Amino acid sequence: MSSMAIREVENIDREVKRLLKEIEEQINKIENGLAASSASQQVNKKIEHTKSRIKTMEIELQTVDDREKARKFKPVIRDHRAKLKEFEQALQWSQAGAAEEHVNKSGYNVDEILNDEDAAIGYGRRLQDETDAAADRAIRDLQETNEVAVNTAEMLHNQTEQIANIDKNLAEIDDEIDRATRVLKRMGRRVMTDKYIWALIFLIFAAIIAIIVVSVVEGNVSEDDVKPDFRRRLSNELLDLSLD
């Protein structure tokens with residue numbers, strides 16, 4: 001299925017290239033004044049037929065399973081469309097030029113302008129009006145272009161500010177993350193230090209208890225030495241009071 005679709009696309013591509021070549025030749029004849037009066041209509045029909053074949057080519061490409069091969073034809077289709085657009089513009093210019101020549105010949109021919117002063121003045125005024133109209137159109141186009149350029153510049157400026165704000169926010173978030181990481185590390189070291197201190201206190205306390213137990217077992221210390229002697233302490237305090 002894919003190979004059949006590719007072959008169909010290749011056949012349409014060859015047909016489109018042939019049509020474009022024929023259109024180019026006919027337009028050259030029209031521009032040089034070597035074509036018949038109906039040549040423009042024939043070229044228009046051929047241009048529309050070429051557009052239809054290019055559309056069919058695009059539809060056939062969508063049925064191709066191998067997308068890598070299908071992508072190779074996309075630049076080809078773009079080239080065909082670009083050439084076809086150039087030919088359409090060239091045909092329009094040729095038709096416009098022919099219309100102007102026809103109006104000039106039917107309205108003011110050279111002999112009339114040279115022999116009739118009023119006709120010459122009218123012809124000059126018409127040319128001036130056409131020139132003024134063309135200048136007005138050009139000014140309007142320039143104004144529209146300027147407005148589009150200003151709007152585009154404003155959009156770019158706003159987008160630049162948004163990107164700068166996003167970058168600033170990202171930098172602030174990165175700073176906060178670094179600060180939080182440092183605090184967590186500091187707290188972790190403090191917790192570990194407290195654990196070490198409590199472990200050391202526990203070991204010291206256990207060592208004291210072990211020393212007392214060992215001393216009692218070996219007989220070096222009696223239970224009376226370990227127990228507090230409240231009577232002796234009380235007699236000592238009374239003796240101190242009597243001496244005072």
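A residue is called buried when its relative accessible area is under 20%, exposed when this area is over 50%, and partly exposed in between (1.4 Å probe, protein chains only). Accessible areas come from the Shrake-Rupley method with a 1.4 Å probe, and for residues only the protein chains shown count as cover. The structure is a predicted model, in which local features need pLDDT of at least 70 and side-chain atom pairs count only at pLDDT 80 or more, whereas totals for chains, interfaces and linings use all residues. Residues are numbered from 1 along each chain as its sequence is written, and side-chain values use heavy atoms, with hydrogens and water left out.

The nonpolar interior is described first. A nonpolar core is a set of buried Ala, Val, Leu, Ile, Met, Phe, Trp, Tyr and Cys residues joined through side-chain atoms within 4.5 Å. The largest nonpolar core has 23 residues, and I23, I27 and V43 are those with the most contacts inside it. At least two residues of this core are supplied by each of helix 1, helix 2 and helix 3. Helix 1 provides the largest share, nine residues. Helices are DSSP runs (H or I, at least four residues), numbered from the N terminus.

Salt bridges were then examined. A salt bridge is defined as a side-chain nitrogen of Lys or Arg within 4 Å of a carboxyl oxygen of Asp or Glu. By this rule, the count comes to 10 salt bridges. One of them joins E58 and K55, at 3.9 Å from N to O. Both residues lie in helix 2 (residues 39–61), three residues apart, about one turn of the helix. E58 counts as partly exposed because its relative accessibility is 24%; K55, with a relative accessible area of 47%, is also partly exposed.

In helix 3 (residues 67–107), R71 and E68 are separated by about one helical turn because they are three residues apart. The closest N and O atoms of their salt bridge are 2.6 Å apart. R71 has a relative accessible area of 45% and is therefore partly exposed, and E68, at 46%, counts as partly exposed.

A further salt bridge links E176 with R179, the closest N and O atoms being 2.9 Å apart. E176 and R179 are three residues apart in helix 5, so about one helical turn separates them. Relative accessibility is 48% for E176, which counts as partly exposed, and 41% for R179, which is partly exposed. Salt bridges that share partners also join R18, E22 and K46 into one network. E22 and K46 are 24 residues apart in sequence, and their C-alpha atoms are 8.8 Å apart in space.

Charged surface patches were also identified. Patches are made of residues with over 30% relative accessible area and no salt bridge; like charges are joined within 9 Å, and nonpolar side chains (Val, Leu, Ile, Met, Phe, Trp, Tyr) within 5 Å. Lys and Arg count as positive and Asp and Glu as negative, while His and the chain ends are not counted. The place of a charge is taken as NZ of Lys, CZ of Arg, CG of Asp or CD of Glu.

A positive surface patch is formed by R182, K185, R186, R189 and R190. Of these residues, R189 is found in helix 5 (residues 117–218) and counts as exposed because its relative accessibility is 53%. A patch of negative charge on the surface gathers E172, D174, D175 and D178. D174 is placed in helix 5 and, at 42% relative accessibility, counts as partly exposed.
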